[in-house]
Every structure is written in structure tokens, then in C-alpha cells.
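Let's take a friendly walk through this model, one element at a time. Keep the viewer open as you read.

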Amino acid sequence: MKAGLLIDRNKLIVKDVSDPKIENEEVIVKVRKASITRFDLMNINNPTKLPIIPGAEFAGDVDGKKVAVYTRTYDGTCKMCRKGMEMFCLSGKRIGVDINGGFAEYVKVPKSNIFYSDLSYEILSSLSLTALAPYHALRTANVKKEDTVIVLGASSNTGIFALQLAEIIGAKTIGITNNNIKVSKNIFNYAEAIEKVKETTDGEMGDIIINPLGSKYLDLALKLVKKGGTIVTFGTLYGSEAKINLSYLYLNQISLIGTVRGTVQEFKELLELCKKCKPYIWKEFSLEQINDAISEMSSSERKGRIVLNIN
Ligand SMILES: [Zn+2]
């Protein structure tokens, strides 16, 4: 089969490799679409295993039926799995990082990682990380219908899903971005964010602030959150070290939480919720063009997802 094989740091080549061979409780997914995520870029730039076929987010067919893939393996029996935290499974492996992923015509995964669905390949290939990470963040922050959810980095791929999912849950949403992309009714730029959020919320500010960007935006998040509110962080593209005024944090009873990936239960819920999701696909490439697709991830013009069409 044809695959994008990472043979060294930042060295991805398309070549013929042997087809995956399945063992007990595994299935072969015929990959239809694979998305390129920041997570893939981090892995390509700093791999933990070589050679490896990257690709953490993809969808395809098993026995001619459409499937989504939960992109970390799990045994279902360890301490973490029994708590419903499969993303921390003690024997789990990350698909596309520790074991071969979806930048290939075929990939083998455990049966327990596939979920049949009639959603489009565009949506199914956005669920594993891009939709699951913000959904897990919203769930961990205990989002409710009456909440105002403010999403920083609203035009990023996870930001777009954070807004959509919060809206589907019934919350009021505000997106902050300097990018001219209309992904919610209330989209404001960073310079006007505080003033506009004040206006939109009658001075109350947000119940939940989603900050997938990192420490550079923590101060803004603290200014946008209301007393008793929650700030969730699940990315550090713009810095991981932060200085924080603990007096301000406790006097306003603000929760600052981190989240990572999501649970199998949440992934199943997404298959229902995302009947209403809209994929924002910016550009599509073939597997042969994988290096062009990866370069385009850093384009300042980018609005939405970059997807590989495979098979
Ligand atoms: Zn486990």
C-alpha cells in the first residue's frame, strides 16, 4: 500500500510499504479522509518512534461501512479505563505517534477503537482530536444551557468546534479571533474583546473561557471570566509558562483547569451531537501531496481544515 512514512524528524516520504497485518481483535480501516492537525505537526517535528506512519485523525471504511476512529488504544480494564478516562489508559498507545496512523491507504486498529456512523467523511475525520478536545473541555467545565461560553482562537480548528458544540448544547457563544471567519453570531477581535463581551453579557462576562492558545492569552481569559467561572486550557501554541495572581484567582473563585483529548463516552456522544456540525475545510490534497498539505498548515491565509483524500 501507499503511505506517508516519517523516516526522520521533519522527513516524510510517500512510498510503498507492506500492508498492515491484523491480529486478534483488530480490523483494517480503508482510509478515506485524513485531517492534518497541530498534533501531527508536533509529532513530525519531534517524533517518539521512527519510522512511523503519522496521522492521528482519519475516517474510512471497515467492511464497506463508514467508521470514525477513537485515536488512542485502550484496554478497557486498567485503573484509568475503569474510571472512564481511556485517554490515560496505562497500556494505551497513540495512533499516529506510537503506532501507525492514517496517512496511508490502510491502517490497522483495535476493534474497540472503531465506531460505525452515517456522518460524512468530512465530519468523521474531524472527530478524533479536533472535535473531541474542545468537547471534553466543555464537559469537564460542566457546561450548561444557560452558560455563556467564550472561545479564544475561535477561527482555529478546535475553536470552530468549541463554538459549534457549545451552541449545539444550547449555551450562548462568543468567539474571539482576528481572522475574518464567521463561525458564530458573536465574533469579536482581540482589541475589542473585553468591551464587546461586557456589552454582549450585560457586564456579567463569561461562565466558561476556552483557551486552546496558551499562556499569552491567560490574562485576557482572566479578564473575560465572571466570578465563579472556569477557564479551560488544552493547548500551548502561544506559550506554556504563566505568571498568575492567586489572590485574584481565589477572591473571584475562578477555576483554572487543563484537559487533554477526551473519553470514549464523549466520542460516542459526538457521533450524535455532530449530526449538526459543519466541517470548515479549507484545502484538500492527495496522499502524494502530503508535504504540500503540511506546509499549508502554517499559512496565514488558512481558514479551516486541511484534509488528505485517500482511496
Ligand atoms: Zn486502560
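## Two crossing helices

Helix H4 (residues 127-140) and helix H9 (residues 264-273) have axes that come within 10 Å and cross at roughly 105°. Axes here are lines fitted to C-alpha atoms, for helices over the stretch in contact, and angles run from 0 to 180 degrees between N-to-C directions. H4 is therefore roughly perpendicular to H9, a label for angles of 65 to 115 degrees (under 35 is roughly parallel, over 145 roughly antiparallel, the rest oblique). Helices (H or I, at least four residues) and strands (E, at least two) are DSSP runs, numbered from the N terminus.

On the H4 side, Leu127, Ala131, Leu132, Tyr135, His136 and Arg139 meet Glu266, Phe267 and Leu270 of H9. Contact requires C-beta atoms, placed from the backbone, to lie within 7 Å. The residues of this contact comprise six nonpolar, one polar and two charged. Nonpolar covers Ala, Val, Leu, Ile, Met, Phe, Trp, Tyr, Cys and Pro; charged covers Asp, Glu, Lys and Arg; the others, Gly among them, are polar.

## About the model

This is a predicted model, in which local features need pLDDT of at least 70 and side-chain atom pairs count only at pLDDT 80 or more, while totals for chains, interfaces and linings use all residues. Residues are numbered from 1 along each chain as its sequence is written.

## Two domains

The chain splits into domain 1 (2-126 + 279-309) and domain 2 (133-258), with bounds from an automatic or database domain assignment. Their centres, taken over C-alpha atoms, are 28 Å apart. Five residues of domain 1 are in contact with six of domain 2. The domain 1 side of that contact has one nonpolar, one polar and three charged residues.

## The parallel sheet

Six strands form an open sheet in the order E10-E9-E8-E11-E12-E13, with parallel pairing; strands pair if DSSP finds at least two bridges between them. Its edge strands, E10 (187-188) and E13 (255-258), each pair on one side only. Strand E12 (residues 225-233) runs parallel to E13, joined by four bridges, and Thr233 stands opposite Gly258 in E13. Helix H6 (residues 193-200) packs on the sheet, touching E8 (148-152), E9 (172-176), E10 and E11 (206-211). The direction of H6 makes about 165° with that of E9.

## Antiparallel neighbours

Strand E4 (residues 57-62) pairs with strand E5 (residues 65-69) in the antiparallel sense over four bridges, with Ala59 opposite Ala68. Two residues lie between the strands of this hairpin, where Asp63 takes a positive phi near 50°. E5 also pairs with strand E7 (residues 114-116), antiparallel over three bridges; there Val67 has Tyr116 as its bridge partner.

Note on methods
Contact = placed C-beta atoms within 7 Å.
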